[in-house]
Amino acid sequence: MSYIDVYIEHNSLQLNTTFTYACKEPISVGCRVRVPFGALDLIGFVAAIDVQPRISTVKEVLEVIDKEPLLNDELMALAMTISRQYVCSVISVLKTMLPPALRPSSSKAKIIYEDWVVLNDPQVDLTPKQRAALESVMEQLPMKASVLRKRITLANPLLQKGALRLEQRVKTSQLDLESIPDTSFSLTSEQKNAIEQIEKGTKSVYLLHGVTGSGKTEVFLRLAEKVLTQGKQVLFLVPEIGLTPMMIQRVKARFQTKIAIYHSSLNAQEKYEQYLLVKNREASIVIGTRSSVFMPFCDLGLILMDEEHDASYKQDSMPRYHARDVILERAAFHHCKVVLSSATPSLDSYARAYKGVYALVELTHRIYLDMPRIHPLDLKQEKVEQGISARLWKAIEEALYRHEQVILLLNRRGYLPVVKCTQCNETFTCPDCGIALTYHKKEDVLMCHCCGRVFSFDHTCPHCHGHAFYHMGMGTEKLEETLKLRFPSANILRMDADSTRKKNAHAKILKEFHDQGDILVGTQMVAKGLDFERVTVVGILQADAALMRMDYQSAERAYAMLEQASGRCGRHEKEGHVYIQTFDPDHYVIKSVIDHDYISFFKKEMLYRHLGKYPPYVYLCTVIYMHKEETKAMQIAQDAKDHLSDLVVLGPISISMRQQKARVRLVVKGKDRSVLNQRIWDLVQYHLSKKTTVKQEINMYPLGLEE
C-alpha cells in the first residue's frame with residue numbers, strides 16, 4: 001500500500017490542490033485513476049507517489065486506469081509552469097495537453113477500436129481448402145477483420161483453429177489531402193542568407209520578418225529538411241485550420257513522409273490517432289494549430305511558428321495560455337531553435353528582436369514581382385453602390401474579363417449585422433450578452449456572434465409587432481448575394497465561420513477556388529497565408545471597422561489584417577492591385593499599409609503604447625467579475641482594486657453581459673512580470689476567502705480588452 005497525490009478533474013481554482021489517496025497497485029506519476037470524492041466517483045491525475053498522508057483517514061483509489069504514464073516528466077513540469085504563469089488550475093492544463101479521449105474526465109470521449117487479424121500459428125492442422133485460403137492472404141497480414149472476411153469465406157474456421165487470431169487496434173481514419181507536386185525552386189540570395197543566419201546563429205529564437213510573397217515557407221522547408229535528416233522531430237504551427245491544408249500539402253510534397261495533423265476540426269478519435277503517431281515516433285513532422293504545442297515529442301529539433309502575430313495563438317478559455325510562451329519552454333527543454341515568422345510581427349516580438357532578445361532575420365523583397373499597388377478609396381468622395389465603390393466594381397469586372405481571380409475581405413459574417421424595427425427602433429439583441437443579433441438569410445435565423453446562440457426569426461418585432469426592418473450594414477452572406485446578382489456567370493465562393501462549419505470545408509473551398517473559382521468572399525480567414533497565382537485584385541471593405549474598436553491593440557490588429565490581405569495578390573507573374581475602402585485614408589495605419597512600411601507603423605504605435613503604458617512596456621492582466629446583480633459584481637471588483645492598491649488598476653467598469661450575467665472588468669498593469677503574477681495569485685486567494693457567489697475570471701497577458 002502506497003499513498004499518492006491526485007489532481008481531480010474539476011477545473012476550479014478552488015480545487016487547485018492535490019488530494020491524497022491510498023493505492024494498492026503499482027502506479028506512476030502521469031497516470032489516471034478513478035477516486036471517490038465526496039459522494040462522487042471522479043477521474044484524477046497522479047501528481048506524486050510515495051507521499052506522507054496529511055490526514056489519518058485516507059480513501060482508497062477505486063481503479064488505476066493507466067499502466068503507463070500518459071505524460072512524461074517534461075510535460076508534467078510544463079503543466080506546473082503554465083499553471084503558475086497563467087494563474088489557472090493544474091488540471092485544466094493537464095486536460096488541454098491530452099487528446100479528448102485521454103483527458104481525466106468522467107465524461108470523456110471513448111476510444112474506438114476495431115478488429116484486426118494477425119498470423120498466429122500457421123502449422124495447425126488445416127483442410128486443403130483452409131490451407132489454400134490461409135496462404136492466399138498470409139503475405140497481406142495483418143489486415144482488418146472486415147477486409148479479410150470479404151477476401152475469403154473460410155475466415156472463421158482459420159480463427160477457430162488458431163491459425164489466425166483477432167487483435168484490437170485503435171480505429172484509424174484517413175486525413176490525407178490531395179497530393180500536389182513539389183514546388184521547390186532556386187533560393188534567392190536573401191533566402192540563402194536567412195537560412196545561414198538561423199542555422200549558424202547562437203540565439204535560440206529567431207524572428208523571420210519577411211514581406212508577403214518573399215518565400216518564408218521555403219525557408220521553413222529548408223530548415224526542416226536539415227533537422228529531419230538528423231532524425232529529429234519538427235513542429236509546424238499555423239494559427240487557423242484554414243491554413244493547415246495548404247501547409248500540409250507543401251510539406252507532404254517536399255518530404256513524402258507520414259505527417260501528424262492536429263487541430264480543432266478533428267474528432268476525438270482522429271486526435272487520439274494523431275497523438276499516437278507522435279508518441280510512437282511514427283511521424284516526425286507535426287502540423288497543427290495552437291493545441292499541437294502539447295504533442296508528446298521526445299526529440300524535438302525545430303519549432304516553426306507561422307503568422308506568429310495572430311491572436312488565435314492565445315486561448316480564450318482556461319487555461320488562457322499563449323502558444324508562443326509554451327514553445328519557448330519546450331524549446332529550452334529540447335535545446336532546439338524556434339523560428340517565429342510573419343510579414344506583420346506582433347509588437348511584442350519585434351520589440352524583443354529590436355532589443356536583441358530574439359535574432360532578427362529579414363526578407364525585404366518578393367520572389368516574383370514588387371509589392372502590389374494599393375489604391376485607397378475615400379468613401380467621403382467615392383461613388384458607392386451596394387457597399388462597393390465604383391472603382392472597385394470596375395476592377396472586379398476587368399479582372400473577371402481577363403480570367404483572373406478576386407478576393408474580397410469583409411470582416412463581418414452573416415447577412416445583416418443589425419436588425420432594427422423601422423416603426424419603434426427596437427434592435428434585436430442577445431438576452432445573454434446584450435449585443436446586437438446578426439441576421440443569417442440562408443437559415444433565416446438571428447445569431448449571436450458572441451455566444452453562438454441561434455434564435456428563430458418570424459420577421460415580427462416583439463415590441464410593436466411591426467414587420468418592417470432597417471437593412472443596416474452588410475455581412476459576407478449579403479455580399480455574396482450581391483456579387484451573384486451582378487456577375488451571374490462567375491463562380492463565387494464564401495469562406496467564413498458559417499461556410500466552414502462542416503469537416504474539411506476549408507480545404508474544399510480553397511481547392512474549388514484554385515481550380516475554377518472567380519471571386520472568394522470572406523472574413524479575416526482569407527487575409528492570410530493564401531497563395532493563388534491568378535489573384536490580381538483584392539478588395540477590402542469596411543477597413544475602418546477594425547480601427548474603431550476601443551482596444552489598445554486595435555491599430556496593431558487592423559494593420560496586420562490590411563497588410564496581410566494586401567499580400568494575397570500579385571504573388572507570381574501578374575501585377576496585383578489592392579483597393580481599400582476607408583473614410584480616413586490619412587490614418588497612420590492606412591498610410592503604413594499603402595507604403596508597405598512596417599517600421600513606420602511600429603515606431604508610431606510604440607510611441608502610443610509608451611504614452612498609454614501598455615504592452616510591451618508593461619504586463620497586463622484582466623480580471624472580470626460576473627453576477628446576475630451588477631451592483632454585487634461592482635462591489636467585489638472595487639474590493640479587488642483596493643486589495644491591489646500597490647499596482648496600477650483601471651476600472652472597475654461594466655462590459656457586455658454573458659450567460660445573462662452582468663460583467664465588471666478590472667485591468668491590472670505591472671512592470672515586473674513575476675510581481676504581477678504573484679499579486680494576481682494573492683487576489684485569487686483573497687477572492688476565495690470572501691466566499692462570495694460572484695464569479696472571478698483571470699486572463700493573464702490578454703491580447704485585447706473585452707468590451
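## Nonpolar cores

The largest nonpolar core has 147 residues, and F236 and Y625 touch the most other members. A nonpolar core is a set of buried Ala, Val, Leu, Ile, Met, Phe, Trp, Tyr and Cys residues joined through side-chain atoms within 4.5 Å. Buried means under 20% relative accessible area, exposed means over 50%, and partly exposed lies in between (1.4 Å probe, protein chains only). A second, separate core holds 22 residues, among them A399, V406, V521 and Y579.

## Basis of the model

The model is predicted: local features need pLDDT of at least 70 and side-chain atom pairs count only at pLDDT 80 or more, while totals for chains, interfaces and linings use all residues. Residues are numbered from 1 along each chain as its sequence is written, and side-chain values use heavy atoms, with hydrogens and water left out.

## Packing of helices α1 and α10

Helix α1 covers residues 73-86 and helix α10 covers residues 323-334; the two pack at an angle of about 145 degrees, with their axes 11 Å apart. Helices (H or I, at least four residues) and strands (E, at least two) are DSSP runs, numbered from the N terminus. Axes are lines fitted to C-alpha atoms, for helices over the stretch in contact, and angles run from 0 to 180 degrees between N-to-C directions. The crossing of α1 past α10 is right-handed. A crossing is right-handed if the near helix is turned clockwise from the far one by less than a right angle, and left-handed if anticlockwise.

On the α1 side, the contact is made by E74, L75, L78, T81, I82, Q85 and Y86, and on the α10 side by D325, V326, E329, R330, F333 and H334. Contact means heavy atoms within 4.5 Å. By class, the contact of α1 with α10 has six nonpolar, three polar and four charged residues. In this scheme Ala, Val, Leu, Ile, Met, Phe, Trp, Tyr, Cys and Pro count as nonpolar, Asp, Glu, Lys and Arg as charged, and the others, Gly among them, as polar.

With a relative accessibility of 4%, S83 counts as buried. Leaving aside neighbours within four places in sequence, S83 is in contact with N16, C88, S89, V90, V93 and W681.

S656 belongs to strand β30, residues 648-658, and is buried, with a relative accessible area of 17%. Its side chain makes a polar contact of 2.9 Å with the side chain of R658. A polar contact is a pair of N or O atoms within 3.5 Å; within protein, one must be able to donate a hydrogen and the other to accept it, and residues adjacent in sequence count only if both atoms are side-chain atoms. S189, in helix α6 (residues 189-200), is exposed at a relative accessible area of 61%. The C-alpha atoms of S189 and L363 are separated by 9.7 Å, although these residues are 174 residues apart along the chain.

## Backbone features in loops

The peptide bond from M318 to P319 is cis, with omega near 0 degrees; P319 is in the loop between β13 (300-305) and α10. Another cis peptide bond joins P615 and P616, with omega about 10 degrees. P616 is placed in the loop between α17 (598-612) and β29 (619-627).

H335 is not a glycine, yet has a positive phi of about 55 degrees. H335 lies in the loop between α10 and β14 (337-342) and counts as exposed at 75% relative accessibility. K691, also a residue other than glycine, has a positive phi near 50 degrees. The loop that contains K691 runs between α19 (673-689) and β32 (695-700), and K691 is exposed at 74% relative accessibility.
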